[in-house]
Amino acid sequence: MAAFFFILYLLIRGSRAAANFVIQSITTPYKRMMGWLCDFSPFSVMELLTAVFILGALFFLVRGIVRTVRLPGKGIRVYKGAAGFLAAGLLVIDGYCWLWGLNYYGDSFSDLSGLEAAPVSVEDLYETALYYAGMANSLADAVARDEEGVFAESIDAIFAASDTVYTGLYEQYPFLDTPIRTPKRMLFSELMSITGFTGVYFPFTSETNLNVNAPACLLPSTIAHELAHQKNIAAEQEANFLAVRACLTCGDAVYGYSGAL
């Protein structure tokens, strides 16, 4: 069954019209429902499911090894155990492909907005860096700092302001006007830092999960980036573009500073 759904996914992703139909009619309604349900949870449901999955996999692995050693019919038990792990892994891959991977084959932000990425010169990049550095400097005094001048805005306030970060873009890009679900703080943020993640969107629960152990000055823009994924923007460069645009147009100085930075 898992192999069937994976093959079907490969076939559907070859047609943009078919991919758009599945995204709009099946996966997006599912993710919006899950996002609404998980919004009632004060903690990350993704973290809970991940912990349960890892502990469950370890339990069944150890139990399978013990039973294989102690009981007769070792060969068939090894085969059944391996087949079970493979099937479970394929189901997870299937879910990820359908709920998220398919978004790379449907309409992108560029398709919906009419904006297209184009080559830029080193001079353009230099001037752009100066422009945003100046903007960050102009907003720097509006940001709370400690006695050493380090960014010291309340993380609680940053999360609380996330529900309006995209309001400045809805008139220009009405397809972005979708419900925003509360970003979740990761309990295992230090583990995310070790693995190099500042945030992650989890399509199974439609949650945006943030590493609060990362530099706080970039937390607002990271939230905006992950919320772009929640709005079905798959490509990283498009999510980055929208994160900056959202931060700079939302009217919040802290988000604006983070976006410019």
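Two strands count as paired if DSSP finds at least two bridges between them. Helices (H or I, at least four residues) and strands (E, at least two) are DSSP runs, numbered from the N terminus.

**Before you start**

You are looking at a predicted model, in which local features need pLDDT of at least 70, side-chain atom pairs count only at pLDDT 80 or more, and totals for chains, interfaces and linings use all residues. Residues are numbered from 1 along each chain as its sequence is written, and side-chain values use heavy atoms, with hydrogens and water left out.

The protein has a mean of 92, and 96% of its residues reach 70 or more. Helix H4 (residues 74–99) has the lowest confidence, with a mean of 79, while H9 has the highest, at 98.

**Stop 1: the sheet**

Select strands S1, S2 and S3. They make an open sheet of three strands in the order S1-S3-S2, with mixed pairing. At the edges are S1 (184–185) and S2 (199–202), each pairing on one side only.

How do S2 and S3 run? They are antiparallel, and four bridges join S2 to S3 (residues 207–210). Look for Phe202 opposite Glu207 and Val200 opposite Asn209. The two strands form a hairpin with four residues between them, and Ser206 in the turn has a positive phi of about 55 degrees.

Now turn to the other side of S3. S1 and S3 run parallel and are joined by two bridges, and Lys184 stands opposite Asn209.

Next, show the side chains of S3. In a regular strand, side chains alternate between the two faces of the sheet. Glu207 and Asn209 lie on one side of S3, Thr208 and Leu210 on the other, and all are buried. Buried here means under 20% relative accessible area, exposed over 50%, and partly exposed in between (1.4 Å probe, protein chains only).

**Stop 2: Gln230 in H9**

Go to helix H9 (residues 219–230) and pick Gln230. Why is Gln230 called buried? Because its relative accessibility is 11%. Its contacts (heavy atoms within 4.5 Å) include Tyr201, Ser206 and Thr208, as well as Pro179, Ile180 and Arg181, not counting residues up to four places away in sequence.

**Stop 3: the largest core**

Leaving aside neighbours within four places in sequence, Ile223 is in contact with Ile158, Phe159, Ser162, Pro183, Leu210 and Tyr255. A nonpolar core is a set of buried Ala, Val, Leu, Ile, Met, Phe, Trp, Tyr and Cys residues joined through side-chain atoms within 4.5 Å. The largest one has 33 residues, and Val165, Tyr166, Ile223, Leu242 and Tyr255 have the most contacts inside it. Helix H6 (122–139), helix H7 (155–160), H9, helix H10 (236–249) and helix H11 (253–260) each give two or more residues to this core. Another core, of eight residues, lies apart from it; among its members are Tyr9, Ile12, Trp98 and Leu102.

Zoom in on H11, where seven of the eight residues are buried. H6, H7, H9 and H10 are among what covers them. At the start of H11, a side-chain oxygen of Asp252 comes to within 2.9 Å of the backbone nitrogen of Val254.

**Stop 4**

Move to Asn232, in the loop between H9 and H10. Asn232 counts as buried because its relative accessibility is 17%. Its side chain makes a polar contact of 3.0 Å with that of Lys31. Beyond neighbours within four places in sequence, Asn232 is in contact with Ile23, Thr28, Lys31, Trp100 and Asn103.

Ile23 is also where helix H2 (residues 16–38) bends by about 40 degrees. That bend is the angle between axes fitted to the seven residues ending there and the seven starting there. Buried residues of H2 include Ile23, Thr28 and Lys31.

**Last stop: Ile194**

Finally, select Ile194 in helix H8 (residues 189–195). Is Ile194 buried or exposed? It is exposed, with a relative accessible area of 69%.

Technical notes
pLDDT is the predictor's confidence in each residue, from 0 to 100. A polar contact is a pair of N or O atoms within 3.5 Å; within protein, one must be able to donate a hydrogen and the other to accept it, and residues adjacent in sequence count only if both atoms are side-chain atoms.
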